[in-house]
Amino acid sequence: MTSFKNAGGGDIIIDVAKIIVENKAYLSEIDGKIGDGDHGVNMAKGFGRAADRLADSDSSLDEAMSVLSDILMSEIGGSMGPLYGMMFADMAECIEGQDDIDAALFLDMLTAGVDGVQEIGGAKLGDKTLLDCLIAAKEAFAASVENGETFDVSLEALKESAVVGRDGTIDMIAKIGRAARLGERSRGVVDAGATSCCLILNILSDGVLKRL
Amino acid sequence: MQRFINDPDNIVDETVIGFVKAHPERVRQDENNPRVVISKHAPVKGKVGIVTGGGAGHEPAFMGYIGKNMVDAVAVGELFSSPTAKSFKDAILAADGGAGVAVLYGNYAGDNMNVKMAKKMAKKDGVVIQTVVANDDVCSAPIEEREKRRGVAGEIFMWKIGSAKAAQGASLDEVCQSAQKAIDNCRSVGVGLGPCTLPAVGHPNFEIEPGTMEVGIGHHGEPGILVAKLGSANDIADQMVKIVLDDHNLAQGSEVVVLVSGLGATAVNEQYVLYARMQEQITARGLKIHKAFVGNYFTSLEMVGVTLTILAVDDELKQLLDMPTDCPGF
């Protein structure tokens, strides 16, 4: 198949939320090395509430992303609330009203997500943030689609590059947010935001792969 | 350490409830948003509204500075985590008396994003908004990058002066100019002797080895400029005054207001021990102290440590600072 249905795609977001909740302790632990140690706590709170509200709702993918976005922006706050809130809001807006999502539209959706995060957060590639994972994943997907690869092959490329992007943050010095105060001391530790972003992108891709 | 906790996930909600119950004559909770606390006097028709907000865990900041001639509404976030954009927006709407709203906050990444979004939302409701960002923490970035510095206890002076200006009937521009002048004239430094723990995390997320101190520590345990051997109170007082005044570059004879704030778990008597020496050092540099505040004005959960803030004042700032207020924090 070259596309999947927007309708019923909300279950993918429920799966994404479950993985975030399952990784609550792990995300907090890595955040604790150069941050507050509350990344997992706050993420699990927001994504867990979204899973509860979406359960049995039979939402479309864009509806589910909007519900998640609203919760992150109006109930979670911090830095991750607006960053992931904007990412999911802009991705939802991109596919709203579409019945079928093909690789080209999926790429537009990822691009909208990247733009949303960049506009609100102001971080650049290499600043040791979730963008280092998100941009790497989006670009790998774009390159694969451009090379004429199929949707499913391109999603595998996306997943691989998300991991590479996440691990690339280990050697970076944080340039933005609280960890930036650590300077050189922030090197050697994976970024918690890039880690949660990698989980999100992997589960999102797996959900799409199952539906292709 | 033993703590007073029911459920770590509810600690902020319970903090706000307790605060509102303790000060019913001064504040109320927003009917539709439990994370917004509003002055009983607000909104005042024709007066510029004053809003601030930030993560919980800094009590009496931020809610404690709500009151007459002080802040009108506050957005409350999770512990050490920015309030939501919605809470900032609801605080802005609650404070709006038709003359615009000044959002005076602390330059942390989350706050910057959430205030930016709140501004967009509240504009749709027709509210005119300006922001002033505090950046008094000397060790959070070099002076050439002052825009990157974070706001710490100096925020209290920014709120006090901006709010007093608003109470005098000044325009939104004038209120923000005075608040900006206050923060421009303000420098702070922190010293940490012991870390703090987010209850939901359960262990400290930074360490301070016994016998050492973190000089220049931030309001959430952000590392400072050096880890030094723990000195005597006088040695620490000397270092703190030096860091602040070397950065400040004030002319001989300048008048200043001094604020020593405990970070949560430092006895107030130790803060007075520090102040005794700081007062000598500050006056020895040819500065005149107009007023001093010593106590737990802006804390960081149960961190052991203090901050020192020195505000240079002129006649305008003195008059605004001295205007009476009845907020719980002062």
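Visitor: Why are α7(A) and α8(A) called roughly antiparallel to each other?
Guide: This is a predicted model. In it, helix α7 (residues 131-146) and helix α8 (residues 151-168) of chain A pack at an angle of about 150°. Angles over 145 degrees count as roughly antiparallel. Therefore α7(A) and α8(A) are roughly antiparallel. Their axes lie 7 Å apart, and their crossing is right-handed.

Visitor: Which residues make the contact of α7(A) with α8(A)?
Guide: Among them are A:Ala136, A:Ala140 and A:Phe141 of α7(A), and A:Ala157, A:Leu158 and A:Gly165 of α8(A). The contact residues divide into 12 nonpolar, five polar and three charged.

Visitor: How do you know that the span of helix α3 of chain B agrees with its number of residues?
Guide: Helix α3(B) has 16 residues, 109-124. At 1.5 Å a residue, they should span 22 Å. The end C-alpha atoms are 24 Å apart, which agrees.

Visitor: What makes B:Met117 of α3(B) buried?
Guide: A residue is buried if 20 or more other C-beta atoms lie within 10 Å of its own. B:Met117 is buried, and so are B:Met113 and B:Ala118, among others in α3(B). What covers the buried residues of α3(B) includes α5 (80-95) and α6 (103-121) of chain A. From chain B, the cover includes β3 (49-56) and α2 (85-95).

Visitor: What follows α3(B)?
Guide: B:Gly126 does, with a positive phi near 85°.

How values were computed: Residues numbered from 1 in each chain as written. Chains lettered and ligands numbered in written order. Predicted model: local features only at pLDDT ≥ 70, side-chain atom pairs only at ≥ 80, totals over all residues. Helix = DSSP H or I, 4+ residues; strand = E, 2+ residues; numbered from the N terminus. Expected span 1.5 Å × (residues − 1). Buried ≥ 20, exposed ≤ 12 C-beta atoms within 10 Å, placed from the backbone. Contact = placed C-beta atoms within 7 Å. Axes fitted to C-alpha atoms, helices over the stretch in contact; angles between N-to-C directions. Parallel < 35°, antiparallel > 145°, perpendicular 65-115°, else oblique. Left-handed = near helix turned anticlockwise from the far one by under 90°. Nonpolar A, V, L, I, M, F, W, Y, C, P; charged D, E, K, R; others polar.
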